[in-house]
Amino acid sequence: MRAVRIHEDLSLRVDETDDLTPKPGEVVVRIHAAGVCGTDLHILDGMIKPDAYPMTLGHEAAGLVDAVGEGVSLEVGTPVAIYNKIFCGRCEQCLKGRTNICDNEPEQLGFNRDGGDAEYVVVPEQNAAPVPDGVDLATASVLTCAGMTAMHATKLSSLQLGDTAVVDGIGGVGIIVVQAAAHAGARVIAVGDSEDKLDLARAHGASDGVLVDTPESYETVAERVRKLTDGRGADVFFELVGTTQTMNAGIRSLAKGGRFVSTGYTDQQLEIHPIEFILSETSFVSTVAATRLDLQDALTLASVGALMVPIAGRYPIEGIGDALDALRKRAVLGRQVLDIAG
Ligand SMILES: [Zn+2]
Ligand SMILES: [Zn+2]
């Protein structure tokens with residue numbers, strides 16, 4: 001089988017690798033679509049390191065069950081979206097449903113375990129979420145990262161009907177947060193680095209756009225958000241960019257009692273005096289990926305047309321380098337996918 005692998009010298013190659021056989025409780029999935037994510041750039045840059053090189057890249061994949069191990073109830077041929085975080089199902093966090101922060105399982109596809117940018121992947125059965133009718137596999141693949149992350153962040157934001165939500169960063173996650181927040185009943189203000197991205201956000205439920213086309217533009221984001229809200233500010237600021245400057249802009253855009261939701265990050269620090277939270281009783285909410293149930297919920301919303309994934313481009317498996325280059329140039333409207341089979 002072919003797989004996109006990252007090597008110790010941080011080179012990315014399409015290698016021929018061994019075929020996979022499922023152990024008891026596991027399924028092998030023939031991958032049809034795999035999303036290309038900004039996090040992949042962190043791995044390519046060596047900021048996130050796998051336990052051992054080489055590793056197959058990719059944490060956003062969907063396909064058809066191809067082979068099953070002993071004791072598996074999923075049938076061969078079932079379309080599934082792969083939940084990329086391995087979880088034990090028995091620890092305190094898993095029992096609370098917080099499978100994304102499982103106490104016992106450190107493995108995650110495409111982070112420290114072979115991922116889904118390949119013709120096949122092997123995972124425990126509980127990581128294969130059946131894809132409902134009406135959801136294509138490219139959409140399903142993106143829901144396993146951007147989609148479920150957006151669901152999770154929106155749930156943890158405690159957004160209420162009538163709130164104002166700012167979404168900073170209209171990439172793969174941002175465009176789905178826009179939809180989830182609008183669906184939850186919020187007025188949505190998009191912050192993006194091009195008019196095209198703001199138009200995309202408006203087409204998916206944002207009512208206003210704030211353009212940040214130069215690094216200095218973030219200095220006026222708080223002021224522009226307040227202008228759009230009669231001086232009040234935003235109840236929720238979804239931060240998907242994660243530089244010092246963008247995070248400060250977000251915290252300063254909040255209304256009293258507002259929530260700063262930290263999801264996107266870079267190598268930069270959050271540097272702000274606590275008084276900026278204290279005086280307005282605002283909160284810092286952090287979110288990491290999403291739970292297994294969030295993936296299920298994202299798939300359900302997509303199946304009824306309440307979540308749409310704009311597919312920005314389709315590449316063959318050998319096109320991974322081109323897709324990542326486009327992402328690095330921030331020249332992508334929505335999410336790019338690898339079309340691996342079918
Ligand atoms: Zn991702
Ligand atoms: Zn667990």
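The following paragraphs walk through the fold of a predicted model, from the whole chain down to single residues. Residues are numbered from 1 along each chain as its sequence is written, and chains are lettered from A and ligands numbered from 1 in the order in which they are written. Because the model is predicted, local features need pLDDT of at least 70 and side-chain atom pairs count only at pLDDT 80 or more, while totals for chains, interfaces and linings use all residues.

Start with the whole chain. It holds ten helices and 16 strands. These are DSSP runs numbered from the N terminus: helices are H or I with at least four residues, strands are E with at least two. The radius of gyration is 20 Å, close to the 20 Å that the globule rule gives for 342 residues, so the chain is as compact as a globular protein of that length. That radius is taken over C-alpha atoms, and the rule is 2.2 Å times the number of residues to the power 0.38. Along its principal axes the C-alpha trace spans about 60 × 40 × 35 Å.

Of the 342 residues, 51% count as buried. A residue is buried if 20 or more other C-beta atoms lie within 10 Å of its own, exposed if 12 or fewer, and partly exposed in between, with C-beta atoms placed from the backbone. Contacts need C-beta atoms, placed from the backbone, within 7 Å. Among contacts with a separation of 6 or more, 69% join residues 24 or more positions apart.

Next, the domains. The chain is divided into domain 1 (2–130 + 310–339) and domain 2 (149–286), with bounds from an automatic or database domain assignment. Their C-alpha centres lie 29 Å apart. Eight residues of domain 1 are in contact with eight residues of domain 2. On the domain 1 side, four of these are nonpolar, two polar and two charged. Here Ala, Val, Leu, Ile, Met, Phe, Trp, Tyr, Cys and Pro count as nonpolar, Asp, Glu, Lys and Arg as charged, and the others, Gly among them, as polar.

Now the sheet. Six strands form an open, parallel sheet in the order S11-S10-S9-S12-S13-S14. Two strands pair if DSSP finds at least two bridges between them. Strand S11 (208–211) and S14 are the edges, each pairing on one side only. The twist averages 20 degrees from one strand to the next. Axes are lines fitted to C-alpha atoms, for helices over the stretch in contact, and angles run from 0 to 180 degrees between N-to-C directions. Helix H7 (residues 244–252) packs on the sheet, touching strand S9 (164–168), S12 and strand S13 (254–262). The direction of H7 makes about 165 degrees with that of S12.

Follow the pairings. Strand S10 (residues 187–192) and S11 share four bridges; isoleucine 189 has aspartate 208 in S11 as its bridge partner. S9 and S12 also pair over four bridges, and aspartate 168 stands opposite glutamate 239 in S12. S12 and S13 pair over five bridges, with alanine 234 bridged to leucine 254 in S13. Six of the six residues of S12 are buried, so S12 is largely enclosed by the rest of the structure.

Finally, some backbone details. The peptide bond from tyrosine 53 to proline 54 is cis, with omega near -10 degrees. Proline 54 lies in the loop between helix H1 (38–44) and strand S4 (55–56). Aspartate 230 is not a glycine, yet has a positive phi of about 55 degrees. It sits between helix H6 (221–228) and strand S12 (234–239), in a loop, and is exposed, with 7 other C-beta atoms within 10 Å. Glutamate 281, not a glycine either, has a positive phi of about 45 degrees. Its loop runs between helix H8 (275–278) and strand S14 (283–286). Glutamate 281 is exposed, with 10 other C-beta atoms within 10 Å.

Terms used. Two residues are in contact if their C-beta atoms, placed from the backbone, lie within 7 Å.
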